[in-house]
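Keep the model open beside you as you read.

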Amino acid sequence: MSKLSIFYNSLKYFIIINKRNMTLDTLSALRIKYKEKKEVLLEENINVKEPITLFKEWMESALKTEEILEPNAACLATVNSKGCPSNRFVLLKDVSSDGFTFFTNYGSRKANDIATNPNVAMTLYWCPLRRSVRIEGKAEKIPVADSLKYFHQRPRASQIGALASEQSTRIPSRHHLDVAEQKLKDDLGDDKEVPMPNWGGYLIRPQLIEFWQGQVDRLHDRIVFRRGSDVDKEIDGTLVHKGENGWIYERLAP
């Protein structure tokens, strides 16, 4: 199936063809169908009561859903030194027991925000699955060797593009980028190794991970895992439950 076909197939999750003419005036009436009662997210169906395992299961489902073109696209929110938030989409590149890894220019706005305030939030949304995952935690730079290894695994054009662009700095025109890129191509030729710029990975060490699943009656499922100092004191077996690997979990009203 071509990417164009996949794209148009995915539109069926947003538009009911021939049944609704959408305009900005009807934006408030926009609705899509969510999951039925038989597909609710129940705590007893979570086999391992910790969020990294569950996230990997959900990501595997997203990877196998052809309508989702970029299942690892994630919205990353940061806060600067003045307390002003900003967000943007990045690509999630690794998931481990330690957390979630993405890569960026270390001179970018997001990197400057993290340098002054490492608290970040990341959200992934998989519309065809009616699922979303929200992550809160602290971001830290990964080892340079790991960043360098990944950098040189990228397509050569992407490596050169990263070197040509000082992300988030002002530039006079698109032509400025094209000239910088071409100069690097001429200098490096086809064989010289592309030097890694001020660029690398961040690991988000999560403190909270929320799993959201949409339900047709709008009584959506929200299961939240948390960890941190003294969280075990909240466990009561009714509202807050003991999980695995230092996590607790609870259900929130939608």
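Met196 counts as partly exposed because its relative accessibility is 23%; buried means under 20% relative accessible area, exposed over 50%, and partly exposed in between, using a 1.4 Å probe and protein chains only. This is a predicted model, in which local features need pLDDT of at least 70 and side-chain atom pairs count only at pLDDT 80 or more, while totals for chains, interfaces and linings use all residues. Residues are numbered from 1 along each chain as its sequence is written, and side-chain values use heavy atoms, with hydrogens and water left out.

You will find Met196 in the loop that joins helix 6 (174-188) to strand 7 (199-213). Here helices (H or I, at least four residues) and strands (E, at least two) are DSSP runs, numbered from the N terminus. Beyond its neighbours within four places in sequence, Met196 is in contact (heavy atoms within 4.5 Å) with Val144, Ser147, Leu148 and Phe151. Between the C-alpha atoms of Met196 and Ala139, 57 residues apart along the chain, the separation is 21 Å.

Now turn to strand 5 (residues 119-126). In a regular strand the side chains alternate between the two faces of the sheet. In strand 5, Val120, Met122, Leu124 and Trp126 make up the covered face, and Asn119, Ala121, Thr123 and Tyr125 the uncovered one.

Strand 5 pairs with strand 1 (residues 73-79) in the antiparallel sense over three bridges, where pairing requires at least two DSSP bridges between the strands. Leu76 stands opposite Met122 of strand 5. Strand 5 also pairs with strand 6 (residues 131-141), in the antiparallel sense over eight bridges, and Ala121 faces Glu136 there.
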